[in-house]
Amino acid sequence: MDLNVCIVGAAGDGVKEAGELAAELFAHFGYSVFVYQEYQSIIRGGHNASIVRMSDREINSHRKYFDLLICLEDYAYELYKPHLRGDLIYDTKFKCGGIGIPMTEIIKEEQEPNIFRNAASLGALTAYLDIEFEILAGIFSDRFGERAKDDITIAKAAYEYYRSRYDPKMKLKKIGRRKKLVSGAVAIAEGLISAGLTHFYAYPMTPASPILHHLIKKREIVAYQPESEIAAVGMAIGSAYAGKRSATGTSGGGFALMAESISLAGMAEIPLLVIEAQRTSPSTGMATYHGQEDLYFAMHPAHGEFPMAVGCPYSVEDAFYLSAELMNIAWKYQIPAILLTDKNLVESYKTAEIERTNLIEEIEIVDSSEGEYRRYEITENGISKYAIPPAIVKANSNEHDEFGITTDDASVRTQMHEKRMLKENLLREDIRDRAWKFFLRGKDTVVTWGSTFGPVYEVAEELGYSVAVPRYLRPFIKPGLDQAIVVEQNYTGQLAKLLEMHGVEVRKVNKWDGRPFTPDELRELLGG
C-alpha cells in the first residue's frame, strides 16, 4: 500500500500541524511515513502545503502526484490541482467537485477560530480511511493533553458528517506496531547531545532554526539566540575554549557571516561544529525552499589553509549519527567541522528508530598550568593536547610558536603550518571506511548526496541501479568508480565536478527549482 496525501490551505490554517498529526495517524498503524512541508517566506498570507506519504515499505520521500488532496482554500486548490490524481476533500465554503465537508460551518457552530479547520480535515481523513474515530482522538490527546477537547469535538463533527453522506474509500489496516516520527532537525539535535553538546548558539534562519527550537526545550542544554550569526559562532568558539562541547547552526547567508571565525578556529585549533542547512540561493534566494548549492562553499568556507571536516547526512537516521561523529572529530582533531545538510532533510519528518545514547569519544584535556606547557606542541601526528581554564591557555589567531606566542619567524611558520595540516591526512585515514555508503547491486551506479538519497534509492531499487552516497565531502575520498550518474539539486553539478576532478566519468541529472526530487520525476529521468 502506498498513499500520498496533500493538505493545503492558507498560512495560519494549521496545515503543518495537520500534516504531522496525519503522519501520526498512519504511524499508529505501523506504516513507514514521510512528511514534506512547503510554505512561503512571507509574514502574512500565502499558502502552505503538507504532503504526507505512507507506505508498507521503507520510504524517504514524498511523491509528486496526490492520491488525496485535502483543500481548505480555493486559491490553494488552483495551485495544487495539477498534481491531483485521486480524490478531493474540500471545505464547502467554496464550490468544487469532490467530497465537500462544511469545515467553516462546523467551527462557527463551535465558536472556534479558522485554524480549527485543520482538526475538521483530519476528522474527514479518518472517515475516508474507515478508521475508528477513537484512534484519532487518542492522537489529539497525546499531542495536546487536556487542550485536545475542542479539536476532538470538531474532528468528530466532520467525521460524522462524512460518514452520513459518503462511503469510506479504503480500509486502513494495522500492519505493525506504532512507529515514531522524527524530523531531521530533531535527529541532528539529539545526535549532538549524544556526543556531549552542552552549549548551542544560533541566530534564527530557515531552515536551520528548528534545531535551535528543539534544543531550547532541553533543560540540560544552554541554547541561546544572540544578536547575529557572527556572535553565535564567536560564542561557540568561546565555549569550546572553556572546555564546553558547543555548536552553532545556520543557513547559507549566516554561514557567510561566520567565515572569518571559522578561519580563527582553524588557526587557534579550537573545536568548532557548524551546521549549514542549505536552501535555494544565492543571497536570500527562495528562503523556505530546498537546494544543494553550497557544497564548494562548505568545503572552503574561509581564508587560509587549515584542516577541516565536512560531513553530509543522507537520511534522518544518518543525521543523528553523523552529527555525533562530527562533534567527536572537531574535538579529537581540534578543528572546525561542518555538518552540511539541506531544507528537505531538516524540516521533513519520517518514521525512524533513534535512541539517544552516549556517543562521546573522550579526549585528554589539560586543566592545570603546572610546569612548562606547550599548547601547540609539535607532535608526530599534528595533534597537541587540548587545554582549558583554569590552565593558562594561549589561544592565538596570529601565527604562533608552540607556546602560543605570536611570531613572524619563517622557520616557525613553516613548522606550525605543517603541524596543523598533518591533521587532515590523519583525519582522511580515520574516516576512510565510513566516508561512503553503497547500496544495492545494479547495472550502473547513481551517486547523490543529502536528502536526494531518498527518492534516488527508491527509483534505483525499481530500475536496477546501484547507489553511492558520500557521508564525508572533506577530506574527499574517491569512491571506487570509473563512471556514475550524479543526481543533485543545483545547476552546475557540484558533486559531479568533484568526481570528475578525481577521474570519474559522469552523467549529470540536475534540478534547481527549489522543490526536492520525487521518485515520479526520477523514474522518468533515470528510466532509460
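User: Which residues line the largest cavity?
Analyst: First, this is a predicted model, where local features need pLDDT of at least 70, side-chain atom pairs count only at pLDDT 80 or more, and totals for chains, interfaces and linings use all residues. Residues are numbered from 1 along each chain as its sequence is written, and side-chain values use heavy atoms, with hydrogens and water left out. A cavity is a set of points on a 1 Å grid over the protein atoms alone where a 1.4 Å probe fits but cannot get out, and lining residues have an atom within 4 Å of a point. Here the lining is Phe34, Asn60, Tyr314, Ser315, Val316, Asn344, Leu345, Ser348, Lys350, Ser451 and Gly454.

User: How much space lies in the largest cavity?
Analyst: The structure has three cavities of 30 Å³ or more. A volume is the space filled by probe spheres set on the grid points, which are joined across faces, edges and corners. For the largest cavity that comes to about 80 Å³.

User: Are the residues of strand β10 buried or exposed?
Analyst: Strands are DSSP runs (E, at least two residues), numbered from the N terminus, and β10 covers residues 246-250. Ser246, Thr248 and Thr250 point one way, while Ala247 and Gly249 point the other way. With under 20% relative accessible area counting as buried, over 50% as exposed and in between as partly exposed (1.4 Å probe, protein chains only), five of the five residues in β10 are buried.

User: Which residue in β11 is the bridge partner of Thr248?
Analyst: Strands pair if DSSP finds at least two bridges between them. β10 pairs with β8 (residues 199-201) in the parallel sense over three bridges, and His199 stands opposite Ser246. β10 also pairs in the parallel sense with β11 (residues 272-278), over three bridges. There, Thr248 has as its partner Val274.

User: What is Ile115 in contact with, leaving aside its neighbours within four places in sequence?
Analyst: Ile115 sits in the loop between α3 (103-109) and α4 (117-128), and it is partly exposed, at 36% relative accessible area. Counting heavy atoms within 4.5 Å as contact, its partners are Gly12, Asp13 and Gly14.

Terms used
Helix = DSSP H or I, 4+ residues; strand = E, 2+ residues; numbered from the N terminus. 1 Å grid on protein atoms, 1.4 Å probe; cavity = no way out; pocket = protein on both sides within 12 Å on 5 of 7 lines; lining within 4 Å.
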